[in-house]
Amino acid sequence: MARPRWGDPATPAQLPPAAAALIGTGDPGARRGVNIDEIGLADPHVPPAVRAALIDALGAEHVTADRYERIAHTRGYSTPDLLALRNGDASDAPDLVVRPGSHDEVVAVLGICAAHRVAVVPFTGGTSVVGGLAPERAGFAGVVTVDVTRLDALVGVDEISRTATLQAGLRGVRAEELLRERGFILGHFPQSYEGAGLGGYAATRSAGQSSAGYGRFDEMVEGLLLATPRGTIRLGTAPKSAAGPDLRQLVLGSEGAFGIITEVTVRIRPVPAHRVFEGWRFADFGSGAAALRALAQDGPMPTVLRLSDEVETAIGLTDPASAGGDEVTGGCLAIVGYEGHHQEVEARRAAASAVLEDAGGVALGPGPGEAWRTGRFRAPYLRDPLLDAGVLVETLETVTYWSRLAALKTVVTAAITDALNAQGTPPLVMCHISHVYAAGASLYFTVVCPQTDDPLAQWAAAKKASNDAIRAADAAITHHHGVGRDHRDAYHAEIGDLALEALRAVKRTLDPDGVCNPGVLLGSTRCSPPVHPVSTRSDVARPAGG
């Protein structure tokens with residue numbers, strides 16, 4: 001990842017001409033990026049005593065105010081985040097970037113920052129798309145980003161229990177490599193897979209594209225280690241327990257508001273010996289959704305199960321390398337994938353195929369499925385060529401019950417369309433079902449339209465309209481992107497005042513000075529002075545293994 005673009009600049013993506021013609025982008029080769037040297041950046045502002053204490057705790061080589069490092073740790077990867085950097089705005093840049101090398105060093109950093117009221121932002125891959133890395137600065141003496149990528153070890157594997165303990169700074173790609181060396185797989189593949197890390201997976205309740213078979217990340221987590229300004233919390237004595245509420249679920253999805261996750265123990269599985277991905281065509285979105293519901297409720301459940309609507313199928317976003325092609329003509333494309341032992345995979349495939357056929361599906365063979373499997377991480381690379389060509393492109397997602405799914409898709413599509421039509425920029429609004437459950441499914445929307453002179457305000461209007469529509473439909477404001485700041489108000493409305501008060505009480509206990517990712521998830525907490533002395537050391541010894 002090299003800001004302000006997504007991906008490796010040595011292998012730039014170019015918008016396929018067919019897709020460019022479909023949305024009228026003009027010249028897809030015209031670049032309107034920004035030179036990082038042109039980005040405005042204020043001088044770092046942090047008390048000298050804080051910098052000295054951090055250097056003493058971590059070593060000078062792991063504490064930096066380097067210009068590039070500060071810009072590279074500014075915000076996340078939403079379209080508004082990238083547009084701001086393209087406009088030369090790095091006003092949310094941290095004052096310092098620190099890289100602790102152990103759990104105890106993370107605790108020490110938090111203690112130092114709390115003592116001097118310096119805000120702390122956790123950072124692994126920086127792939128947040130909901131404003132999760134842009135803290136509120138008011139009332140703080142500076143902002144320090146804690147980059148945990150030095151915490152990159154596979155701590156241990158319990159082959160009998162099939163669990164692995166991994167440090168939170170591991171990128172997803174590297175975690176899978178380390179596990180494969182031991183004959184196992186985690187199986188978590190979000191679209192941000194090439195840049196995101198395990199700490200971010202846990203902090204945002206990430207859902208990978210194989211969630212039908214492997215589960216969401218919060219379902220994979222058996223235990224975790226949390227560093228807070230007041231010390232350490234270790235959770236996960238056993239897989240399940242009746243000893244009070246499951247506090248693991250309180251930490252998962254907390255987005256750095258309670259502290260920094262430094263280690264996770266996760267469920268793993270043997271590397272699959274056999275894999276089949278194939279495409280199915282349905283006449284319309286309704287019949288395709290009914291087919292997916294039948295598999296989710298009555299089985300057999302594939303490893304991957306997703307359905308593109310008519311517009312997304314026509315554009316061809318399931319295969320970014322040939323977007324706008326004609327491999328699937330008309331209707332809606334479903335991608336169905338199976339992984340596991342050969343006999344078990346083929347048995348599930350045969351049974352699932354019968355269900356899909358009964359629901360009106362037409363088998364297309366492995367071509368569309370393999371195109372999606374091999375190109376599934378390429379779609380985000382198309383955003384920069386689109387932005388270069390003056391096209392606004394962004395995504396959003398939600399989740400609801402099956403009985404409300406069709407209505408939710410209709411009202412969100414209409415809200416986005418109306419908001420952008422009102423600005424003279426008619427959009428393409430595409431949608432797919434990305435994750436399925438017995439009771440419901442998620443909807444993932446991709447929006448493409450010409451940019452106005454103020455694309456930040458343009459998207460803000462569309463985003464507000466979509467958030468309002470989601471809440472009016474009584475759906476969840478997010479399924480796997482997280483809350484951050486972009487969904488904060490809608491999230492508060494979703495859970496209600498009393499629940500929000502309870503969560504803020506947890507924050508006051510663990511982070512009495514309110515320095516942990518302030519403003520994200522919970523908003524302003526205006527924490528009272530600490531009720532206990534701030535610790536700069538872990539109160540639990542670091543474990544030796546899994």
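Biologist: Which helix holds R348?

Modeller: In this predicted model, R348 is found in helix α13, which covers residues 342-358.

Biologist: Is R348 buried or exposed there?

Modeller: R348 counts as buried, because its relative accessibility is 14% and the cut-off for buried is under 20%.

Biologist: What lies 2.8 Å from a polar atom of its side chain?

Modeller: That is the backbone oxygen of M301.

Biologist: And which residues is R348 in contact with, leaving aside neighbours within four places in sequence?

Modeller: The contacts of R348 are P300, M301, P302, T303, Y338 and E339.

Biologist: Which strands does α13 lie across?

Modeller: Helix α13 lies across β12 (274-282) and β14 (332-340). Its direction runs at about 5° to β12.

Biologist: Which other helix packs on the sheet?

Modeller: Helix α14, residues 366-375, packs on it and touches β12, β13 (304-308), β14 and β15. The direction of α14 makes about 115° with that of β12.

Biologist: What is the order of the strands in that sheet?

Modeller: The sheet is open and has 7 strands, in the order β15-β12-β14-β13-β17-β18-β16, with antiparallel pairing.

Biologist: Why is one side of β15 and of β16 left without a neighbour in the sheet?

Modeller: Strands β15 (362-365) and β16 (391-401) stand at the edges and each has a single partner strand, so one side of each has no neighbour in the sheet. On average, neighbouring strands of this sheet are turned by 20° against each other, direction ignored.

Biologist: How many bridges join β16 to β18?

Modeller: There are 11 bridges between β16 and β18 (residues 440-450), and the two strands run antiparallel. As for individual residues, T400 stands opposite A441 in β18.

Biologist: Changing topic, where does D104 lie?

Modeller: D104 lies in helix α5, which spans residues 103-115.

Biologist: How far apart are D104 and T232?

Modeller: They are 128 residues apart in sequence, and in space D104 and T232 are 8.7 Å apart, C-alpha to C-alpha.

Biologist: What is the mean pLDDT of the protein chain?

Modeller: The mean pLDDT is 90, and 88% of the residues reach 70 or more.

Biologist: Where is the pLDDT below 50?

Modeller: Residues 25-31 form one such stretch, with 16 contacts in the model beyond near neighbours in sequence. Residues 527-546 are also below 50, and that stretch has 44 contacts beyond near neighbours in sequence. Where pLDDT is low, the predicted coordinates should not be read in detail.

Methods
Residues numbered from 1 in each chain as written. Predicted model: local features only at pLDDT ≥ 70, side-chain atom pairs only at ≥ 80, totals over all residues. Heavy atoms only, no water. Helix = DSSP H or I, 4+ residues; strand = E, 2+ residues; numbered from the N terminus. pLDDT = per-residue confidence, 0-100. Contact = heavy atoms within 4.5 Å. Buried < 20%, exposed > 50% of the residue type's maximum accessible area, 1.4 Å probe, protein only. Polar contact = N/O pair within 3.5 Å; in protein donor to acceptor, adjacent residues only side chain to side chain. Pairing = 2+ DSSP bridges. Axes fitted to C-alpha atoms, helices over the stretch in contact; angles between N-to-C directions.
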